[in-house]
Amino acid sequence: MRIPLDRQSKLPLYKQIDAYIRASIQSGSLPPDTRLPAARQLAADLGVNRITVENAYAELEADGLVYSRVGSGTYVLPPGPLQPLLQDAQGGSWPQWQQPASPDGLEPWKTAAVGMLPTSPDAGLLDFSGGIGDHRRFPVEDFRKVIQSVLRDDGAASLGYGDYRGYAPLRVTIAHVLASQGIQARPDNILITAGSQQALTLVAQLLLQPGDTVLVENPTYSGALELFRALRLRVVGIPMDERGMQVDGLEALLREFQPKMIYTIPNFHNPTGACLSGQRRRQLVALADRYNIPVLEDDYVGDLRYEGRALPALKALDPGGRVVYVSTFSKMLMPGLRVGFLVVEGPVYDRLVRLKHASDLATSSLVQRALQAYVTVGRYQAHLRRSAQLYRRRRDAMLLAIHRDLMPEGAGLSLPAEVRLHPPQGGFFIWLRLPGGLSSEELLPLACQEGMAFAPGGLFFPEGAGGCDCLRLNFAAHSPQEIEEGIRRLGRALKRLESCKRPNFDDT
Ligand SMILES: Cc1ncc(COP(=O)(O)O)c(C=O)c1O
């Protein structure tokens, strides 16, 4: 190959070689699969150092114009991308494979769901959209000490992968806690996961195939809907009332849709706060057993009861291996621990362990040990009691504020119809239905302007199944004063929405 080189030029020789070969490839005079001369040979032909040629080849390879085959040489690649590039709204161009073959429900979050976005919190915004308690109560200092003592006492063992099923002493502790709630679980049937979200993921991945149907309460936890959509499952909603899932209609749905799983949140349901009645619990477990359908029980905040009788977990009614029970330390302690767990008996347990291992090898050993040290000293139970007292007061403060500011007889508003709600007996959430079919999607931007945010109801319904006139408020994350102020702001936003929807509405 004869490459004209200008030795007086400021352009380094390797760049000149690169430019010449590049132009030859682009013009087609060096067609795809042409073997370039060996670097040693070309260097000799051109009277340059071999490194100079190798540098030129390396540049061409980095830009995707040539490739090298070990022991064989350097070859020209086909010019340009084989596929047209995918352009995004920001002007970036990406290979076509980045485009999903069909809609997968994983498009970027809508800005309307402001509180659900991982953005930095706006200082003035009272955000009632979250799914946890008050982060100001996280036992940060205790946990710092516990982590230090684990590192000191356990040393390198605390930084290894550890047991893939989860740290054995923590599984024993979880079994004890569950026993106090009426669930007889052996540590060998407990799998520790990265939050309960991973437990839901593993179960759904293992038991269902794309296109299979999963039955869920309608509405249900938005993160489960997101997961099921991502796994390309068909989601069918079971109607609810104030006693939870309407189990009476379940059998017809089992026959019609032949689902592969029932996902349910029997305690302090997210988003409605409802509790499944004791009778319905028994019916549900019996039906699922009769139809040979696994029940995935999500008990994300079951211990946080403010009043009323505790009801047995579905797992406590399970004759064995019918119900996969899932729970978490995110809600009672801290979500950043990313420690949840599942309980199930039978061969499916080992398969779940293998899938967990294939997914992320193991949950953080250090965090599990710290958690074990923290929960065994009785602090967990005390923390639970204090949280329940505190959150109960906050729930009452929110109910009072709603009655005062959002009900027709309230001083702040005169709405034609009142908002509707069922006071929850535990958990974090109040579920409101707006008067006159007003849309929570439309209300949210106005509420943000007033300085508060909530989770709009549409997030919690399987596609196209409504919920636009509903919204979810978290009462646990804020003080009573903040709650009063937040609901006042919501009232103002509601009033503004009312008056632009119904211009003749008398809002004096
Ligand atoms: C009902 C329900 N289940 C599961 C989860 C998952 O939580 P984590 O993965 O933090 O345990 C959440 C989180 O908000 C939830 O609300």
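Start with the largest nonpolar core, which has 99 residues; a core here is a set of buried Ala, Val, Leu, Ile, Met, Phe, Trp, Tyr and Cys residues joined through side-chain atoms within 4.5 Å, where buried means under 20% relative accessible area (1.4 Å probe, protein chains only). Select Phe228, Phe329, Ile402 and Leu473, the residues with the most contacts inside this core. Next, colour helix H12 (residues 379-406), which gives the most to the core, with 10 residues; helices are DSSP runs (H or I, at least four residues), numbered from the N terminus. Domain 2 (111-131 + 382-507) and domain 3 (138-377) both give residues to the core, so it lies between them.

A word on ground rules: this is a predicted model, with local features needing pLDDT of at least 70 and side-chain atom pairs pLDDT 80 or more, while totals for chains, interfaces and linings use all residues. Numbering runs from 1 along each chain as its sequence is written, and side-chain values use heavy atoms, without hydrogens and water.

Now colour by domain, with bounds from an automatic or database assignment; domain 1 covers 13-92. The C-alpha centres of domains 2 and 3 are 28 Å apart, and 25 residues of domain 2 are in contact (heavy atoms within 4.5 Å) with 29 of domain 3.

Zoom in on Phe329: leaving out residues up to four places away in sequence, its contacts include Ile174, Leu371 and Tyr380.

Last stop, Tyr161: find it in the loop between helix H4 (140-154) and helix H5 (168-180). Tyr161 is exposed (over 50% relative accessible area), at 55%.

Definitions and conventions
Helix = DSSP H or I, 4+ residues; strand = E, 2+ residues; numbered from the N terminus.
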